[in-house]
Each structure stands twice: as C-alpha cells, then as structure tokens.
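Please examine the sequence and the model shown here.

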Amino acid sequence: MTINCAIIDDEPLAAGLLKSYVEKTPFLHLIGTFGSALEAMKAIRDSPVQLLFLDIQMPELSGIEFAKILPRDMKIIFTTAFQQYAVEGYKVSALDYLMKPISYDDFLKAANKALEWFDFATRQQNAASDRFMYVKCDYKLQRVNMDDILYIEGVKDYVCIHMANGEEIMSLMNMKKLEQYLPQPEFLRTHRSFIAHMPKADGVDRQRIVMGSVFIPVSDSYRQNVQEYFDTHTLT
C-alpha cells in the first residue's frame with residue numbers, strides 16, 4: 001500500500017527535514033510541501049491526499065483550525081514544538097503527535113501507525129462490499145458468506161465460525177485479526193472469546209445477546225459498545 005501525503009509547515013528547515021523522511025519511507029508518496037494551510041487548501045482539495053504532516057502554530061490559520069475543516073477521511077499527524085497542543089490534537093482525531101526536533105525513528109513509528117490505519121480501513125471497505133471471505137480449514141481455503149454467519153467463538157488458538165444453518169467452521173486464526181477484517185459494528189466483539197453478528201440478534205437478556213436458543217456473553221470490557229449498538233436501533 002502507498003499513502004499519498006503532504007507536508008504543511010511554515011518553517012523551511014522543519015519542512016525540509018520531513019520531506020527527506022518521507023522520501024526514504026517506501027510506503028509514503030509526497031504530493032507536495034506547503035508553507036501555510038491557506039497555500040495547501042486548494043492543492044490538497046484537487047489532489048488525492050490521504051495523510052497530512054501538519055504543523056500546529058502557523059500564521060493566519062493554525063493547524064488545529066485547519067484540521068477542523070478537513071474531510072473526515074483525511075488523516076493527520078501533527079508536528080509541533082509545543083507540547084501543550086497535544087490534547088487539542090487528539091480532539092480532532094489526529095493519528096499521532098510528533099514533537100520537534102523530530103527524529104526519523106519517531107517519524108517512522110507515526111507513519112507506520114498511519115499505514116496500519118489505512119490498511120485496516122481498506123480491509124473494512126473490502127469486507128463490507130464483498131460480503132464474503134476465505135478461511136483456512138482442513139488444509140484448504142473455504143469460502144464463508146458473511147450474511148450467513150451467526151457468531152464467532154474463540155477456542156484456544158482456533159476460531160469457530162457458527163453459521164446460521166448450524167454448520168461450524170474451525171480455522172487456525174487470531175480473533176483480533178478476524179475482528180479487524182469484519183465490517184463493524186455489524187460484527188461486534190462482545191467478549192474476549194465472542195464476536196456477534198448483530199443483525200442476527202433477537203435482543204438482550206441479562207447482559208447476554210439472544211440469538212434464537214443461543215446466548216452470547218457480554219463482558220464488562222465490551223458492554224458499552226454493545227449498548228450503543230442497541231441504542232441506535234431502539235425506538236423510544
């Protein structure tokens with residue numbers, strides 16, 4: 001995967017350093033370097049920029065103010081010499097916050113965090129549109145239609161995919177990896193060992209999700225997410 005990025009910084013030396021870092025990072029492609037948010041505004045609107053390395057303290061329009069008007073799918077890594085802006089940075093959903101002077105090691109960690117985010121987003125989009133996946137089962141790949149999944153159970157190093165027709169598909173797989181692939185919140189983690197296909201739920205009974213005669217446990221760690229799902233689907 002290649003991420004199209006841009007640098008916005010009114011300090012030429014800082015911008016130049018970031019440019020050199022981008023150029024030696026294989027999965028980053030630099031669209032442009034800009035000295036102000038206003039200068040960058042038109043360029044990044046016309047170009048497919050996915051990630052901004054954005055300075056915070058700039059004249060005319062600060063990085064924080066600029067971040068508030070950007071498209072939600074454009075991600076930000078803030079770069080600044082002032083630590084007090086960290087909280088504001090996270091309020092606008094920045095992926096990371098780099099303190100100047102920025103080392104390449106810190107830059108690369110932040111860039112890898114962005115790579116993981118975009119990889120996750122791409123898998124989610126593919127899963128949501130394709131509506132099927134292949135899993136390794138008995139030395140072969142088996143197709144699993146997502147619409148037919150009832151719930152998924154973690155069993156030691158395996159996952160057991162329980163299908164609506166009663167079929168059980170065992171696969172040597174990590175629960176977290178599967179959770180990240182499946183579209184959310186349609187598939188929701190309810191317990192360290194369970195992922196529920198929420199449209200199949202009949203309701204909730206005593207902190208358990210009811211699916212016919214099956215009860216899916218809901219642990220404290222995931223209770224809020226489950227409650228939010230039901231709240232958005234409940235008439236009041």
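**A guided reading of the model**

Three strands make up an open antiparallel sheet in the order β13-β14-β15. Its edge strands are β13 (203-205) and β15 (214-217), each of which pairs on one side only. On average, neighbouring strands of this sheet are turned by 40° against each other, direction ignored. Strands, like helices, are DSSP runs numbered from the N terminus (at least two residues of type E for a strand, at least four of type H or I for a helix). Two strands are said to pair if DSSP finds at least two bridges between them. The axes behind the angle are lines fitted to C-alpha atoms, for helices over the stretch in contact, and angles run from 0 to 180 degrees between N-to-C directions. Three bridges connect β13 with strand β14 (residues 208-211) in the antiparallel sense; across this pairing, G203 stands opposite V210 in β14.

The model is predicted, with local features requiring pLDDT of at least 70 and side-chain atom pairs counted only at pLDDT 80 or more, while totals for chains, interfaces and linings use all residues. Residues are numbered from 1 along each chain as its sequence is written, and side-chain values use heavy atoms, with hydrogens and water left out. The predictor's confidence in each residue is given as pLDDT, from 0 to 100. The chain averages 89, and 96% of the residues score at least 70. Confidence is lowest in helix α4 (residues 86-91), with a mean of 51, and highest in strand β12 (residues 194-197), at 97. Where pLDDT is low, the predicted coordinates should not be read in detail.

β4 pairs with strand β3 (residues 51-55) in the parallel sense over five bridges, and I77 in β4 is the bridge partner of F53. Four bridges join β4 to strand β5 (residues 96-99), also in parallel, with F78 opposite Y97 in β5. Six of the six residues of β4 are buried, that is, under 20% relative accessible area; exposed means over 50%, and partly exposed lies in between (1.4 Å probe, protein chains only). In a regular strand the side chains alternate between the two faces of the sheet. In β4, both faces are covered: K75, I77 and T79 are buried on one side, and I76, F78 and T80 on the other.

I69 and T232 are 163 residues apart in sequence and 27 Å apart in space, C-alpha to C-alpha.

Side chains of opposite charge can pair when their charged atoms come close. The whole structure holds 10 salt bridges, each defined as a side-chain nitrogen of Lys or Arg within 4 Å of a carboxyl oxygen of Asp or Glu. In one of them, K100 and E11 meet at 3.6 Å, N to O. This pair links distant parts of the chain, 89 residues apart: K100 lies in the loop between β5 and α5 (104-130), and E11 in the loop between β1 (3-8) and α1 (12-23). K100 is buried, with a relative accessible area of 18%, whereas E11 is partly exposed at 38%. K100 also forms a salt bridge with D55, the closest N and O atoms being 3.5 Å apart. Here the partners are 45 residues apart, with D55 in strand β3, and D55 counts as buried at 2% relative accessibility.

A further salt bridge joins K109 and D105, with 3.4 Å between the closest N and O atoms. K109 and D105 are separated by about one helical turn, because they are four residues apart in helix α5. K109 is exposed at 54%, and D105 is partly exposed at 46%. Salt bridges that share partners join D9, E11, D55 and K100 into one network.
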